[in-house]
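Here is a friendly walk through some of the labels used for this model, asking each time what stands behind them.

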Amino acid sequence: PQNWFVPFHKEHELYKNAIESALDGVDIKELEKYLENVPLGNPYKFAVCLMVAKGHIKEFPPKTDSEKKNWNILNKRLLNLTFYYFPFQQLINEWYSFFSKFSQQKFNNLLVEKITIFETKLTDIILNQSNKNKFSGALDFKNERWSVALTKLEKVLVYNSSDSEVLYQSAVCHSKLEQFHDAIKYWEQLNKLHPENKLAAINIGICYYHLEKYKKALKYFEKDNNIINENDKELLWVVGECLSNISEFDKAIPYYKAAEILDNKNTNIKLRISICYWELDNYEECLKYELENIELEPNVFTHNINICGSYCKIDDFKNAEIYGLTAEKLKRNGNLSNLAQVYIGLNDFEKAKKYFEHSLKVEPKDEKIIYNSSCFYFIYGDLIRSKELISQLIKINPSIYNSATLKICIDYCEGKKVESIENFKIKLINSKNH
């Protein structure tokens, strides 16, 4: 009867057709006698009745060990049939509610042989639908329709959660959609299924990199000892970025250099290498890569201003001025604090002041510019401006050690009481700029 079925699920017709096929030749009136306590309009309650009709248990709840064992078998079989379509928790609640109404039940022997037909038919339908989703999802995946593919592929995984091909495609879809937490779940499943395959571990690392969890990412990259020899520029870049972001610049350089070998015209890679050398105070090597960048892209502000800064570090202020002024022409509203450093080196303090003030307007919250400007004013006697800037910096970031040190210097010059000179000396010796 039609009133047994309610369209509560978009694929309910599949279920309905399976039941109708299973009941072919069954006396419906005879069957209804045993279903009189079952609310109408609930297909999976009907499935429960069919399962019990097989005679696994004679009363509910089961009492003997044998009946309890049969009950567990029934549980498993029922879930295999229904989990693909119906919410698990709802199923369990309805299941117990239904069985609690019965003490002993006798079912028509005719149903027994029909149950197997029902199970087989429904399983075939589910498998058929699953295979369709798998094929169609793979086609969408191939055509980079990530979201559409994912909807189909995840339906397949509900029925078969260990399908490696579908797990891989689902993981890639989530990654392409920047849903990295979801992608990690699938990559981890693949990693458990195929621990010998390094692909899953590497992709877990890449996901953690995008989530800015660099140390966690590196744990997965470390599982592949040969990663630096990979012919994968993007992967080498990611490992280098992870190391750079945790300040392990000396370890990052080999990965960037390996990536550069694969793409020696890539200015971003050369820039990263130069930054690492800068952080390691190796300004000659830093300058080498910056000059390579300027040959490839002579009219880029960043390259010119970086070269200006590197020449300052090796006290070549004339060359530094050339590149600094070129940078100013390319971007007059850019950060020109490196040019200020040039004029300190050339003893032209008015120009240095001009470029510091310019840079403070362009980047009012840049901690490095504020600190260097405060140092400049302190050294050249403008304690009021120096104190104003360092107080501003301490508000932005109170944990900066050098700020506190400079503040002590200002207080000392103003005749204010400061901590003991011995403690002050220890702080200066331990600080980077003692």
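Q: What makes two aromatic rings a pair here?
A: Rings of Phe, Tyr and Trp (its six-membered ring) pair if their centres lie within 6.5 Å. In this predicted model, the structure holds 14 aromatic pairs.

Q: Why is the pair of Tyr209 and Tyr214 called tilted?
A: The ring centres of Tyr209 and Tyr214 are 6.2 Å apart, and their planes stand at 55 degrees. Stacked needs under 30 degrees and edge-to-face over 60, so the pair is tilted. Both Tyr209 and Tyr214 are buried.

Q: What makes the pair of Tyr311 and Tyr323 stacked?
A: Their planes are 20 degrees apart, with 6.0 Å centre to centre, and planes under 30 degrees apart count as stacked. This pair links distant parts of the chain, with Tyr311 in helix 16 and Tyr323 in helix 17.

Q: Why does Tyr311 count as buried?
A: Its relative accessibility is 11%, and buried means under 20%, so Tyr311 counts as buried.

Q: How do you know whether Leu218 is buried or exposed?
A: Leu218 has a relative accessible area of 8%; the cut-off for buried is under 20%, so Leu218 is buried. Leu218 is found in helix 11. Beyond its neighbours within four places in sequence, Leu218 is in contact with Val239, Cys242, Leu243 and Ile246.

Q: What makes the charged end of Lys331 sit over the ring of Phe301?
A: That charged end is 5.4 Å from the ring centre of Phe301, and the distance cut-off is within 6 Å.

Key
Residues are numbered from 1 along each chain as its sequence is written. This is a predicted model: local features need pLDDT of at least 70, side-chain atom pairs count only at pLDDT 80 or more; totals for chains, interfaces and linings use all residues. Side-chain values use heavy atoms; hydrogens and water are left out. Helices (H or I, at least four residues) and strands (E, at least two) are DSSP runs, numbered from the N terminus. Buried means under 20% relative accessible area, exposed over 50%, partly exposed in between (1.4 Å probe, protein chains only). Contact means heavy atoms within 4.5 Å. A charge sits over a ring if NZ of Lys or CZ of Arg is within 6 Å of the ring centre and within 35 degrees of the ring normal.
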